[in-house]
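Visitor: I would like a close look at a single part of this model. Please show me the whole first, then take that part step by step.

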Amino acid sequence: MARLIIPRMTAPGVVERPSTDDGKTGGAGPWIVTVYNNETNTWDEVVYILMVATNCPQAEAEMETWEVDNLGKSVVHQADEDTCNTIAGVIAQIGIRVEVSKE
């Protein structure tokens with residue numbers, strides 16, 4: 001089985017991992033973060049940024065990236081509004097379209 005090598009991001013600045021637990025709902029909430037496909041970002045870039053932004057395992061990030069690539073979009077996180085906005089800000093750093101909305 002081939003191992004996936006996660007590349008270093010070349011975007012300026014430091015990408016910090018946000019907290020994904022709002023302390024009230026265990027990380028879940030009525031808001032969602034949706035990521036949309038584009039022709040700019042590579043598969044590895046999207047997997048990496050999803051892992052950093054949502055603190056999810058590689059397998060989950062790969063599944064969500066597959067959905068983005070094949071279905072055009074994927075809901076990648078659910079939490080309170082502030083947490084979703086923070087996560088969306090991290091993901092947007094690579095230039096991919098991301099949206100925060102109420103469920």
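Guide:

The largest nonpolar core has 22 residues. Those with the most contacts inside it are Val-33, Val-35, Leu-50, Ala-61, Val-76, Ile-91 and Ile-96. A nonpolar core here is a set of buried Ala, Val, Leu, Ile, Met, Phe, Trp, Tyr and Cys residues joined through side-chain atoms within 4.5 Å. Buried means under 20% relative accessible area, exposed over 50%, and partly exposed in between (1.4 Å probe, protein chains only). Two or more residues come from each of strand 1 (31–36), helix 1 (43–54), helix 2 (58–71), strand 2 (73–79) and helix 3 (81–92). Helices (H or I, at least four residues) and strands (E, at least two) are DSSP runs, numbered from the N terminus. Helix 1 gives the most, with seven residues.

This is a predicted model: local features need pLDDT of at least 70, side-chain atom pairs count only at pLDDT 80 or more, and totals for chains, interfaces and linings use all residues. Residues are numbered from 1 along each chain as its sequence is written, and side-chain values use heavy atoms, with hydrogens and water left out.

Now helix 2 itself. At 1.5 Å a residue, its 14 residues should span 20 Å, and the end C-alpha atoms are 19 Å apart, which agrees. The expected span is 1.5 Å times one less than the number of residues. Ala-61, Glu-64, Thr-65 and Val-68 are the buried residues of helix 2. They lie on the same side of helix 2, because they cover an arc of only 100 degrees around the axis. That arc is taken from the directions from the helix axis to the C-beta atoms. On the other side, Ala-59 and Leu-71 are exposed. The cover over the buried residues includes strand 1, helix 1 and strand 2.

Glu-64 has a relative accessible area of 4%, so it counts as buried. Setting aside residues up to four places away in sequence, Glu-64 touches Leu-50, Cys-56, Ser-74, Val-75 and Val-76. Contact means heavy atoms within 4.5 Å. Thr-65 is also in helix 2. Thr-65 is buried, at 3% relative accessible area. Beyond its neighbours within four places in sequence, Thr-65 is in contact with Trp-43, Val-46, Val-47 and Leu-50.

Last, the end of the helix. Gly-72 follows helix 2, and its phi is positive, near 90 degrees.
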